[in-house]
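Biologist: I am new to this structure and would like a guided look. Could you take me through its main features?

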Amino acid sequence: MPKSRLAYILLGVFLGSLGVHNFYAGYTGKAVAQLLITLLSGSILGLISYIWAIIDICTVTRDAQGVAFTN
């Protein structure tokens, strides 16, 4: 079942440094990396994870199964 692009973007904007948008899209490895970077650094490196999230929401158009997001 296709996932919503809008939901992916909103999750990335508001919870991107925790990797929630990647969990939603099925990219578990990327999501865990973002979550660990933010949590283990005491949020000091959270900005790096947030920038990573913004890049993700601008470039990722398909979920981990290869299904395109719906508009």
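Predicted model: local features only at pLDDT ≥ 70, side-chain atom pairs only at ≥ 80, totals over all residues.

Biologist: Which residues of helix 3 are buried?
Modeller: Ala 31, Gln 34 and Thr 38 are buried in helix 3. They cover an arc of only 70 degrees around the axis, which puts them on the same side of helix 3.

Biologist: Why would residues three or four places apart point the same way?
Modeller: An α-helix has 3.6 residues a turn, so residues at that spacing face one direction.

Biologist: What do the buried residues of helix 3 pack against?
Modeller: Their partners are helix 2 (20-25) and helix 4 (46-59). On the other side of helix 3, Gly 29 and Leu 40 are exposed.

Biologist: What span should helix 3 have?
Modeller: Helix 3 runs over residues 28-40, and its 13 residues should span 18 Å at 1.5 Å a residue. The end C-alpha atoms are 18 Å apart, which agrees.

Biologist: And what comes just after helix 3?
Modeller: Gly 42 is found there, with a positive phi of about 65 degrees.

Biologist: Changing topic, which residues make up the largest nonpolar core?
Modeller: That core has 5 residues in all: Tyr 8, Ala 25, Ile 57, Val 60 and Phe 69.

Biologist: What else does Tyr 8 touch?
Modeller: Leaving aside residues up to four places away in sequence, Tyr 8 also has contacts with His 21, Asn 22, Tyr 24 and Asp 56, among others.

Biologist: How many aromatic pairs are there in the whole structure?
Modeller: The search finds 1 aromatic pair. As for another ring, Lys 30 lies over the face of Tyr 27, at 4.7 Å from the ring centre.

Conventions. Residues numbered from 1 in each chain as written. Heavy atoms only, no water. Core = buried A, V, L, I, M, F, W, Y, C linked by side-chain atoms within 4.5 Å. Buried < 20%, exposed > 50% of the residue type's maximum accessible area, 1.4 Å probe, protein only. Contact = heavy atoms within 4.5 Å. Phe/Tyr/Trp six-rings, centres within 6.5 Å; stacked < 30°, edge-to-face > 60°. Lys NZ or Arg CZ within 6 Å of the ring centre and 35° of its normal. Helix = DSSP H or I, 4+ residues; strand = E, 2+ residues; numbered from the N terminus. Expected span 1.5 Å × (residues − 1). Arc of directions from axis to C-beta.
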